[in-house]
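User: I would like to learn how to read a protein model. Please take me through some features, giving the general idea before the case.

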Amino acid sequence: MNTPVIVGAVFRERYAVQRFRDGGIVVDLATGTYLRLNVSAAEILSSLEQADSIGSARLQVAQILGATEGAAERAIQDAMEGLGRLSPRREPLGAFRYFPSQKGGYVLSSNGSPRVWISADGTSVRLAKPDDPIIAARIVEYLRAVAPKLLFLQSVTVIHGAASRTGTGVRVIAGESGAGKTTTARSFEEAGWGLFAEDMLVVATLSPLRVYSVGENVINAWAARSAERLTGSPHEEIEASTLRAASNGEPTAVSEIWFLDGGRREQSGNEICPRRLGETDGALAMMASLFLGAASPTAWRLFLALAGEVASAVPLFEALMPAGLDRLRAAAQRYTENSASK
């Protein structure tokens, strides 16, 4: 049985498509799952997204493929069936999750328990369970976790990553929680490249990609100050609009982004091995490094567009690191010395 073909507004209500020169990404807005597309599939789904009828979509796909309308119809059917095989959404690593609140806004949960409530516009927060002693002991941690979400709701983008100062700007070291971002950045600091950020980078501009020099410091100071107030008055609602000060300071150019995979290490080698990613694979990696925490169609569309802009604006690499801290430090020293001599 053929999968029903949908086009135009009906397609856009369910899916978002981002095309790149080497492929594309489609997001199922109902589930938050997303899929890598080859060039042909990206063109076909973009045609379905833009067409006002199945007939016009078929004609457009036939022109793109240089094929008959019958062949185009079969290609469209194959693409629709591929959407039906989208794999279950992979949950991010770590304990924190965001959920829409029944009372409006969002809730940050940790290990399945609500911890912090966030207003819909990102301008205020309060503790979800102010009398819970577990929350009281970890308020700073929760507020640091929630700050990028607050900024996202205030139209400020935050990248989850550490960063090193190099001779050509800032090298971002991104990846999921536990991948070794901060450890790698500190190893480069020991090798002579200054530490720019340990965990969060506030974006100044996307193209060219630049980040603010004071962003992480502002977030940390807000979290510490707010935690102190909540410790003394746990039922208080805290103002979060002051986080916008993270969007100050000197915008610094990002020269490249490295993505680390904590599950993959260069077991036999002793060198750092960056491998250039294409735009599509780079955008997929970027989606794991942008703070989003919302599952609304509007947020997913923005999320996809942001990842696409970054992937098109700066070189992206997958970087394998030597296993073991001593080997990593030695490799960072050699990499820094080799880069300085070029």
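Predicted model: local features only at pLDDT ≥ 70, side-chain atom pairs only at ≥ 80, totals over all residues.

User: What radius of gyration does the protein have, and what would a compact globule have?

Analyst: The radius of gyration is taken over C-alpha atoms, and the globule rule is 2.2 Å times the number of residues to the power 0.38. For 342 residues a compact globule would come near 20 Å, and the protein, at 22 Å, agrees with that. The C-alpha trace spans about 65 × 55 × 35 Å along its principal axes.

User: How many helices and strands does the protein have?

Analyst: Both are DSSP runs numbered from the N terminus: helices are H or I with at least four residues, strands are E with at least two. Here there are 11 helices and 16 strands.

User: What percentage of the residues is buried?

Analyst: Buried means under 20% relative accessible area, exposed over 50%, and partly exposed in between, using a 1.4 Å probe and protein chains only. In this protein 48% of the 342 residues are buried.

User: Which residues of the largest nonpolar core touch the most other members?

Analyst: A nonpolar core is a set of buried Ala, Val, Leu, Ile, Met, Phe, Trp, Tyr and Cys residues joined through side-chain atoms within 4.5 Å. The largest one has 37 residues, and V172, L201, L209, I257, F259, M286 and M287 touch the most other members. Helix α10 (residues 297–313) gives the largest share of this core, 8 residues. Another core of 31 residues lies apart from it, with Y106, L108, Y142 and I219 among them.

User: Which residues is L209 in contact with, leaving aside neighbours within four places in sequence?

Analyst: Contact means heavy atoms within 4.5 Å. The partners of L209 are V203, T252, A253, V254, I257, V310, A313 and V314.

User: Where is the peptide bond cis, and which residue has a positive phi of about 55°?

Analyst: Most residues other than glycine have a negative phi, and most peptide bonds are trans. The bond from S207 to P208 is cis, with omega near 5°; P208 sits in the loop between β11 (200–206) and β12 (209–212). The positive phi of about 55° belongs to N111, which is not a glycine. N111 is in the loop between β5 (106–110) and β6 (113–118).

User: Is N111 buried or exposed?

Analyst: N111 is exposed, because its relative accessible area is 63%.

Note on methods:
Residues numbered from 1 in each chain as written. Heavy atoms only, no water.
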